[in-house]
Amino acid sequence: MGLSMKTVWLVIPCYNEQEVLPETSRQLKKIMQHLMQQEKISKDSRIAFVNDGSKDATWQMISQLHDEDSLFVGINLAHNRGHQNALFAGLMVAKEHADAAISLDADLQDDVAAIEQFVDKFNAGKDIVYGVRSTRKTDTRFKRSTAHLFYKFMNFMGADTLEDHADYRLMSKRALEALSEYEEVNLFLRGLVPLIGFETDVVYYERHERFAGESKYPLKKMLSFAVEGITSFSIKPIRMITVLGFFLFSISILLLIYFFITWLVGYTVAGWTTIVISVWGIGGLQLLALGVIGEYIGKTYLEVKHRPRYTIERVLYQEEKNETKSAEDTEK
C-alpha cells in the first residue's frame with residue numbers, strides 16, 4: 001500500500017498572519033500526521049506557507065517552522081502580489097513535487113477536518129475537489145445577502161463560479177499542469193479552475209470564525225474582487241452597454257418625432273427639466289461606458305506586457321534525506 005500512497009501538499013497564502021500561524025501550523029501538522037499514519041498520503045507530503053510580502057514577522061515564523069520540522073515548506077515572494085498570485089505561486093511549486101495540492105487560507109476559517117475528505121476523493125480518482133460551505137450561520141445577515149448576491153451577479157455577468165466556494169480546493173498534478181497553461185496576468189482562480197475540466201467532486205464543510213487577526217477581504221476589497229472576476233472572464237458588460245446605447249438611441253428617435261409633431265401643431269414647451277435630465281443622464285452613461293471600456297483596455301495593457309505574475313525570492317524545502325533546497329529570484 002505504501003507504493004500507492006500519493007504525495008499531497010497543503011498550500012497556504014499568508015499576508016501578515018503572525019497571529020494565526022502558530023495555531024494554524026499546529027492544527028495542519030496534526031491533520032497531516034494523522035493522514036500519514038492512516039497511510040492515505042505519503043510521508044513526502046508537505047505544508048507550504050507562501051509569504052506574500054508580509055510586513056510583520058510572518059516569514060520569520062515560517063522559516064522557524066521549516067528549521068524545526070521538514071514537514072513545513074516556506075515560499076517567500078519578493079514583494080506583495082495579492083492573494084491570487086501568491087496562491088498560484090504556491091501551487092506551481094507544489095506541482096513540481098506533489099501528486100495533488102490542497103489550497104486553503106491561513107485564518108482557520110476553512111474547516112481543516114475536511115482535508116481528509118479531499119484526500120479520500122482524490123484517492124478515489126477525482127482530479128478537482130471543491131470545498132463548498134454547507135451553511136453561512138457564522139456570517140452576519142448583511143454578509144450572507146451580499147455573498148449570495150455576489151455569486152448570482154458573477155454568474156449573470158458571465159464569470160461562472162461555484163456558489164459558496166472560495167479557494168478551498170484540491171487539484172491533482174495533471175489539473176495543476178493544465179492550470180499552468182493559462183497565462184493571463186489577471187488571475188481569478190475561482191473562474192479559471194472550472195474551465196480545466198476533468199473529474200470533479202464536492203466536499204461540504206462549515207466555515208468557522210476567523211481564529212485571530214483581521215479579515216483580508218472587507219467589503220471594498222470584495223467589490224474590487226468581483227470587478228476583477230467579471231472583467232477577466234466576460235465581455236458581457238460591454239455588450240450590455242451596447243444594448244443600453246441602442247435602447248437610448250431608439251428612445252431619442254421617438255422623442256425627436258414627438259417634438260417635431262408638437263412643433264408642427266404649434267405647441268411649444270419650455271422643456272428645461274427634460275433637457276437637464278437628458279444631459280445628465282447621457283453624460284453619466286457615457287462616463288460609465290468609458291469606465292467599463294477603460295477597465296478592459298487596462299487589462300489588455302497589463303496582459304500584452306507579459307510581466308511575471310510573481311517573483312519567488314526563496315524556497316525552503318527539505319527532503320527526507322535532510323537536504324535543503326533554496327531557489328532565489330525565480331520568476332513566473
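I started with charge pairs and found that the structure holds 10 salt bridges. For these I counted a side-chain nitrogen of Lys or Arg within 4 Å of a carboxyl oxygen of Asp or Glu. As background for my own notes, side chains of opposite charge can pair when their charged atoms come close.

**Ground rules**

I am working with a predicted model, where local features need pLDDT of at least 70, side-chain atom pairs count only at pLDDT 80 or more, and totals for chains, interfaces and linings use all residues. Residues are numbered from 1 along each chain as its sequence is written, and side-chain values use heavy atoms, with hydrogens and water left out.

**Confidence**

I looked up pLDDT, the predictor's confidence in each residue, from 0 to 100. The protein chain has a mean pLDDT of 78, with 62% of its residues at 70 or more. Over residues 321-330 the pLDDT falls below 50, and this stretch has 22 contacts in the model beyond near neighbours in sequence. A contact here means heavy atoms within 4.5 Å.

**The chain as a whole**

I noted 10 helices and 10 strands in the protein chain. Helices (H or I, at least four residues) and strands (E, at least two) are DSSP runs, numbered from the N terminus. Of the 332 residues, 43% count as buried. My scale for this is buried under 20% relative accessible area, exposed over 50% and partly exposed in between, with a 1.4 Å probe and protein chains only.

Among contacts with a separation of 6 or more, 80% come from residues 24 or more positions apart. The accessible surface of the chain comes to about 18,100 Å², and 59% of that belongs to carbon and sulfur atoms. These areas come from the Shrake-Rupley method with a 1.4 Å probe, and for residues only the protein chains shown count as cover.

Which partner does Lys40 have in helix H4? I find Asp120, with the closest N and O atoms 3.2 Å apart. Lys40 sits in the loop between H1 and S2, Asp120 in helix H4 (residues 115-123), and the two are 80 residues apart. Asp120 is partly exposed, at 33% relative accessibility.

I then checked Lys95, which bridges to Glu96 with the closest N and O atoms 2.7 Å apart. Is Lys95 buried or exposed? Lys95 is buried, with a relative accessible area of 13%, while Glu96 counts as exposed at 53%.

Asp167 and Arg169 form another salt bridge, the closest N and O atoms being 2.8 Å apart. Both Asp167 and Arg169 are buried. I also noted that salt bridges with shared partners join Lys40, Glu116 and Asp120 into one network.

**Aromatic pairs**

A search of the whole structure gave me five aromatic pairs. Rings of Phe, Tyr and Trp (its six-membered ring) pair if their centres lie within 6.5 Å; planes under 30 degrees apart count as stacked, over 60 as edge-to-face and the rest as tilted.

One of the five is Phe118 with Tyr168, a tilted pair at 4.8 Å centre to centre and 50° between the planes. Phe118 lies in helix H4 and Tyr168 in strand S6 (residues 165-172), so this pair ties together parts 50 residues apart in sequence. Phe118 is buried at 0% relative accessibility, and Tyr168 is buried with a relative accessible area of 0%.

Tyr168 also pairs with Tyr205, edge-to-face, at 5.0 Å centre to centre and 85° between the planes. Tyr168 is in strand S6 and Tyr205 in strand S7, so the pair ties together parts 37 residues apart in sequence. Tyr205 is buried too, at 3%. I logged Phe118, Tyr168 and Tyr205 as one aromatic cluster.

**Backbone and surface**

Which backbone angle stands out at Glu39? Glu39 has a positive phi of about 55° although it is not a glycine. Glu39 is placed in the loop between helix H1 (21-37) and strand S2 (46-51), and is partly exposed with a relative accessible area of 36%.

Phe198, also not a glycine, has a positive phi of about 65°. I found Phe198 in the loop between helix H7 (189-196) and strand S7 (200-205), partly exposed with a relative accessible area of 36%.

My last entry is a nonpolar surface patch of about 250 Å², made by Leu244, Phe247 and Ile251. Patches are made of residues with over 30% relative accessible area and no salt bridge: like charges are joined within 9 Å, nonpolar side chains (Val, Leu, Ile, Met, Phe, Trp, Tyr) within 5 Å. Ile251 is in helix H9 (residues 236-264) and counts as partly exposed at 32% relative accessibility.
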